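Reader: I am new to this structure. Please take one part, look at it closely, and then show me what surrounds it.

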Amino acid sequence: MLPPEIELDAELRKVVTIRACCTLRLFVPIKGRPAPEVKWTREHGESLDRASIESTSSYTLLIVENVNRFDSGKYILTIENSSGSKTAFVNVRVLDTPGAPQDLKIKEVTKSSVTLTWEPPLIDGGSKIKNYIVEKRESTRKAYSTVNANCHKTSWKVDSLQEGCNYYFRVLAENEYGIGLPVETSESIKVSERPLPPGKITLLDVTRNSVTLSWEKPEHDGGSRILGYIVEMQSKGSEKWSTCATVKVTEATITGLIQGEEYTFRVSAQNEKGISDPRQLGIPVVAKDLVIPPAFKLLFTTFSVLAGEDLKVDVPFVGRPKPAVSWHKDNVALKQTTRVNAESSENNAVLTIKEACREDVGTYLVKLTNSAGEATETLNIVVLDKPGPPTGPVKVDEVTADMTGLIENHDYEYRVSAENAAGLSEPSPPSAYYKACDPIYKPGPPNNPKVTDVTRSSVFLSWGKPIYDGGSEIQGYIVEKCDVSDGEWSICTPPTGIKNVHMEVEKLVEKHEYKFRICAVNKAGVGEHADVPGSVIVEEKMEAPDLDLDMELRKIVNVRAGGSLRLFVPIRGRPTPEVKWGKVDGDIREAAIIDTTSSFTSLVLDNVNRFDSGKYTLTLENSSGTKSAFVSVRVLDTPSAPVNLKIREITKDSVSLSWEPPLLDGGAKIKNFIIEKREATRKAYAAVVTNCHKTSWKVDQLQEGCYYFFRVSAENEYGIGLPAETSDPIKVAEVPQPPGKITVDDVTRNSVSLSWAKPEHDGGSKIIQYIVEMQAKGSEKWSECARVKTLEAVVTNLTQGEEYLFRVMAVNEKGKSDPRALAVPIVAKDLVIEPDVRPAFHSYSVQVGQDLKVEIPIAGRPKPTVTWLKDGQPLRQTTRVNVSDSTDLTILNLKETSKEDSGTYEITVANVVGQKSASVEIITLDKPDPPVGPVKFDEISAESITLSWNPPVYTGGCQITNYIVHKRDTTTTVWETVSATVARTTLKVTKLKTGSEYQFRIFAENRYGQSFALESAPVVAQYPYKEPGPPGTPFVTTVTKDSMVVQWHEPVNDGGNLKVEVPFIGRPKPTITWTKDEQPLKQTTRLNIENTTTLTILHIKESNREDFGKYTVTATNAAGTATDNKA
């Protein structure tokens, strides 16, 4: 059972950088028993649906083809089996165009501009953002236009906008790989701003508790409709404005005011963008009833009315308080009736007169009276009525034919009425009787009779009025016919005749010959006839088709796109011709409405577009012939798509396009062409150039290896036309560069093994294969000898002793590279090469329990024998430790390594030419052995003990990081940690309990764990002293009468030991010497000196007075001398 392990390649430990549209391959060797379960995830849970994952017991491979910016990020690999789990990650950066900018906001809108702000994209495509592209689109259009293609900040003011229009905006980021995804405003933005303040404010009325105001509309509504007005007021002495009314009209009455209080008013206009600055009333207003003397506001003082109609006299006035109104007529108080009444309101008096008559004519006085005074006004009312009868008698001065409508030979009398605007007067007395008689005669013959048309059964006649009507109005015409075959005349019209001056004579016999004559009729009778010239044979008249093109249709007919095309053409022909409309180089749209009669044909086409331009043909055909004409129609529209768009050239970073102008120019000259590109993985096109004046363009700075679509649009004065687009994506690539250096790996009598480096550049397209060619000496012909997909090939079937040249070509989907030739010719013969062994590393480290595989490259011809030694002894191979050899490698396999596997391994290779050796060191990494004892107690006191020990013999293949010291009171079994971070091999343990016995243990620790413990002997925490020996026998040295001086000698043994520690440093390690009182110090069983790498220690057992003196320690090395004194 082995826990899972992941071996990340050094390249995968860095950030893996890859170009967009390329293929991401993450190959990771893995280990573990049983074979671990493999799981790939993304850091933020992104989907791996596009990834192809292959896993075996020894590796896992993740492949993502055609990567884009969204494939950037951290890829996490987790492998797990019953022995544990292991996780690693790989950071991937896809070099692509940026993602969409973030948080696009509208910062400010005015009547002609919109200010945008945004944040940089979350994904920069692995390259610094160079600039931003700002675009706008009217909501009624589909295409965006560029505002700024080189914006270097995250905000922009888009100006020169059309006030009141709605716009969409979008922003795109650009890096060295191109233009990224757009961020677009979700809703259209109306280009408007807050309105200007309302106009002049007028005070209409004031009462004790209300004010009525009116105002003018703002001079400008800000480009958006005024939604309403806000009226605010401010009391005197207050700084606060409060809303008192919100209205949609330009007038408001504010109520609830306090009588006598002074107020200031202001009004603001509001549209959908906000509230305007306020317009303030010029003076404050005091809430009180006004006292105004009465006054009239009449525009005129005379009122007219037709008799029988109603009259309403409106008299406007002012006055506070409301004045009393009184009316007088002709200085007499007006008597009010149901027909005549007067009423009044706050500011006008109304006099109503129903069905006015002559009695209502007169002078009216209206009087206004209130507490402030009075006012009068005189009004004149005029009733308009028909006049009285004229004064008779009526006299007839002359009788003529001018008076019509009389019956001839009848007697008549006459009377006269006067008339004015109001009507007729009573008639005058009647005149005497007069007889109506005016002399009349029969009319002359009709003028210019003729035949206008003939059919198989009828004849069409026309004529003019007679030149002489006989003094009487022509009442009608009589038409007669005569069949020449029988010579009889018959009337074709009713006996009273017809009123018209034309007629169709029907029911005639086909092929018969007829004559016709016409007579005029008046009151005097039937006049002289007029004969139609000649005779007429009744038969169908044949007429070839013809048409009358209007002068406007003979020119080019121009019509704006979206308008209606109407072509009206008069036609003729017998029989009625068949009409056909057509269109050169195309068909007429099905939406066209064609109407045809015997006399005209029309074509109507609504909502025309550029494709309706062209030559419209009209063909008329009957049995008499054919007639054709055409009308040229030009629809003024944007151009159609350019034609014949071709890819002329492709390189690793550019594509050259060519095209021809559109077939339809939209009725205006092509100003320029617009070239756009789109990556195959995207939906939006980005502009390459918007002002191209030729029919070709080289699109450069493309991302190598990516697929692109291209499109070209023409532009005229009416806008940008339809695009021509490449049907398939174009891969930006070229043939690869030649392969790298070619190396001869092996030569035999009949074969050559070659290898080579990848081309420095694959041309932007994956290398498909390599072609190996050879040329025999003396030949000029190169022949193909191998096709491989790897970077090596073995060429066989060579002739021994023959000399050959070799070359290699790389192939991608665009073609073959130039060849890379081997620098020198190769002779086909077996090689003899001195053996060589070159380890890649001098040492190998492995953790105990893990497997180790050491691969040592070897060389030599013939193949050398390989010998392994460990620490100077032949390596003993087992199932756990074994060696395997190949042609160019010798491999040492160590399974489940132990610390005994560490040591120096020597590899010797030998063949008939010679031999060579090399050595490597294998370091096994494990937790260390215990420290080396015994544990020494360098210093003991009642409260502390100083410990020391030696490092472990086996450090685990790495440095000892620290030591861990435990202690326990021997009366318990519980161990306590004294310190877990001891860096040196000595430690002073403090805070001990005097007289207690302690035991200590020490662990060594490295990065792989801690060792077993080294335990000390028990030790008691007490001073290392005994009670002193007895003093010497006392004796008296001096005696007086009242005192004695007693003396004695010190004890021989004072019961104590002495330890003096002196630390030192120096390189090389200095030599240490001790002196006492400037004499060399002699070591005895009671006095000895101990030296370590950093300390010199003087031990004196059972010290006494003889040990008193000056001790000097001296340290000496090649660099100098140092001394220290101890007393």
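**Tyrosine 177 and its surroundings**

Author: Start with tyrosine 177. Setting aside neighbours within four places in sequence, tyrosine 177 is in contact with Arg19, Leu95, Asp96, Thr97, Gly125, Ser127, Glu679 and Gln703. Keep in mind that this is a predicted model.

Where does tyrosine 177 sit? Its place is the loop between β14 (166-175) and β15 (178-184). Is tyrosine 177 buried or exposed? Its relative accessibility is 10%. The cut-off for buried is under 20%, so tyrosine 177 counts as buried. Now take a distance across the chain. Glycine 764 is 587 residues away from tyrosine 177 in sequence. In space, their C-alpha atoms are 14 Å apart.

Look again at two names among those contacts: Asp96 and Thr97. What does the side chain of arginine 682 do? It makes a polar contact with the side chain of aspartate 96, at 3.2 Å. Arginine 682 belongs to the loop between β57 (672-679) and β58 (686-692). Its relative accessible area is 8%. That is under 20%, so arginine 682 is buried too.

Threonine 185 is in the loop between β15 and β16 (189-190). With a relative accessible area of 9%, threonine 185 is buried. What does threonine 185 touch? Not counting residues up to four places away in sequence, the partners are Leu104, Ile106, Tyr168 and Phe169.

Arginine 560 is 106 residues from glycine 666 along the chain. Their C-alpha atoms are separated by 9.5 Å.

A few backbone details deserve a stop. Most residues other than glycine have a negative phi, and most peptide bonds are trans. This chain has exceptions. Asparagine 66 has a positive phi, near 50 degrees. Its loop runs between β6 (59-64) and β7 (73-81). Asparagine 66 is partly exposed, at a relative accessible area of 32%. Aspartate 871 also has a positive phi, near 50 degrees. Look for aspartate 871 in the loop between β75 (865-870) and β76 (873-874). At 46% relative accessibility, aspartate 871 counts as partly exposed.

Which peptide bonds are cis? One runs from arginine 574 to proline 575, with omega near -10 degrees. Proline 575 is in the loop between β49 (565-574) and β50 (578-583). Another runs from glycine 933 to proline 934, with omega near 0 degrees. Proline 934 lies in a strand, β81 (residues 932-940).

Finally, step back to the whole chain. How many helices and strands are there? The chain has two helices and 98 strands. The C-alpha trace spans about 205 × 125 × 50 Å along its principal axes. The radius of gyration is 63 Å. For a compact globule of 1127 residues, it would be near 32 Å. Buried residues make up 39% of the 1127. Tyrosine 177 is one of these buried residues.

Conventions: Residues are numbered from 1 along each chain as its sequence is written. This is a predicted model: local features need pLDDT of at least 70, side-chain atom pairs count only at pLDDT 80 or more; totals for chains, interfaces and linings use all residues. Side-chain values use heavy atoms; hydrogens and water are left out. Helices (H or I, at least four residues) and strands (E, at least two) are DSSP runs, numbered from the N terminus. Buried means under 20% relative accessible area, exposed over 50%, partly exposed in between (1.4 Å probe, protein chains only). A polar contact is a pair of N or O atoms within 3.5 Å; within protein, one must be able to donate a hydrogen and the other to accept it, and residues adjacent in sequence count only if both atoms are side-chain atoms. The radius of gyration is taken over C-alpha atoms; the globule rule is 2.2 Å times the number of residues to the power 0.38. Contact means heavy atoms within 4.5 Å.
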